[in-house]
Amino acid sequence: MDILLQQIINGLVLGSMYALIALGYTMVYGIINLINFAHGEVLMVGALTSWTIIGWMREAMPNSPGWLILILALIIACVVAAVLNFVIEKVAYRPLRNSPKLAPLITAIGMSILLQTIAMIIWRPTNKAYPTLLPSESIHIAGASISPTQIMILGLTAVSLAVLMWIVNFTKLGRAMRATAENPRVAALMGIRPDMVISATFIIGAVLAAIAGVMYASNYGIAQHAMGFIPGLKAFTAAVFGGIGNLAGAVVGGILLGVIEAVGAGYLGTITGGVLGSQHSDIFAFIILILTLTVRPSGLLGERVADRA
């Protein structure tokens, strides 16, 4: 039971990060029916930007508390990621909006490779040790332990989701997003600017990805130019699992995928008699993707058009 509780805690932390990334996928898909495969690289840029800012700030302000440095680095990373995703939408996706669906898909994959290459040039193709800025002493709960960094991840995820739901459901921008998702042409006739809404959607998705990137690097203590590919792919799986285009589905899919992956990793060696170990836990994401597409292509919650954003 101690192992099970520990793996559930780890799964909730992992699933929280998947949920934030999956929201970026599902928001863009809900607006323009595009899978932004460069989204994982936005996460990577956010994480590496925060790593750079933390290094600068620790030299410039050596006596500053770690939590303050982390907050400032997170804010700057969100701004950089938002500008990057805004430019990606303007340059790579907007000119192809009325093209066959295959063209923007190939462009998205190309943009992903391009961003990885640029990041490799800027930050070098080496693993960066991400500094621990919060206390390292864990809190013990019923035989399991949770670190202050993990508590920060869960709390920050809850706040981010609450703010996003408030934006989507109670603001003019949120109403414009829902209207554009329903019918862009009718929304334009009602005075809504679809281009502005789409850009805002990419910016919000980038902010969530940057938050997830900083949390991912903080949790695992490492950052590098290819770190966004696997989390991005798993978050896409989570979005499909929960119901692509559905905000609640992205959150549910992300958290469930994280818990399944963590619990499976804890018991995979026992189940397979040692043939597979915790290092093979990635297979769960793709098994779930195959089963979901086979059994229920619309995902757990389906796609409620009225809730898309």
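This is a predicted model: local features need pLDDT of at least 70, side-chain atom pairs count only at pLDDT 80 or more; totals for chains, interfaces and linings use all residues.
Trainee: Where is the place of Asn33, and what is its phi?

Mentor: Asn33 sits in the loop between H1 and helix H2 (39-60), and although it is not a glycine, its phi is positive, at about 55°. Arg124 is also a residue other than glycine with a positive phi, near 70°, and its place is in the loop between helix H4 (102-123) and strand E1 (128-129). Arg124 counts as exposed because its relative accessibility is 55%.

Trainee: How should I read the crossing of H1 and H9, and which residues meet there?

Mentor: Crossing angles of 65 to 115 degrees count as roughly perpendicular. The axes of H1 (residues 2-32) and H9 (residues 229-242) come within 8 Å and cross at roughly 70°, which makes H1 roughly perpendicular to H9. From H1, Tyr18, Ile21, Ala22 and Tyr25 meet residues of H9, among them Pro231, Leu233 and Phe236; the residues of this contact divide into ten nonpolar, one polar and one charged.

Trainee: What describes a pair of aromatic rings?

Mentor: Such a pair is described by the distance of the ring centres and the angle of the planes. Four aromatic pairs are found across the whole structure, and Tyr25, Phe37 and Phe236 form one aromatic cluster.

Trainee: Which residues have the most contacts inside the largest nonpolar core?

Mentor: Within that core of 84 residues they are Leu23, Ile88, Tyr93 and Met227, while helix H8 (residues 194-220) gives the most to the core, with 14 residues. Leaving aside residues up to four places away in sequence, Met227 touches several residues, including Leu43, Met44 and Tyr216.

Notes:
Residues are numbered from 1 along each chain as its sequence is written. Side-chain values use heavy atoms; hydrogens and water are left out. Rings of Phe, Tyr and Trp (its six-membered ring) pair if their centres lie within 6.5 Å; planes under 30 degrees apart count as stacked, over 60 as edge-to-face and the rest as tilted. Axes are lines fitted to C-alpha atoms, for helices over the stretch in contact, and angles run from 0 to 180 degrees between N-to-C directions. Helices (H or I, at least four residues) and strands (E, at least two) are DSSP runs, numbered from the N terminus. Angles under 35 degrees count as roughly parallel, over 145 as roughly antiparallel, 65 to 115 as roughly perpendicular and the rest as oblique. Contact means heavy atoms within 4.5 Å. Ala, Val, Leu, Ile, Met, Phe, Trp, Tyr, Cys and Pro count as nonpolar, Asp, Glu, Lys and Arg as charged, and the others, Gly among them, as polar. A nonpolar core is a set of buried Ala, Val, Leu, Ile, Met, Phe, Trp, Tyr and Cys residues joined through side-chain atoms within 4.5 Å. Buried means under 20% relative accessible area, exposed over 50%, partly exposed in between (1.4 Å probe, protein chains only).
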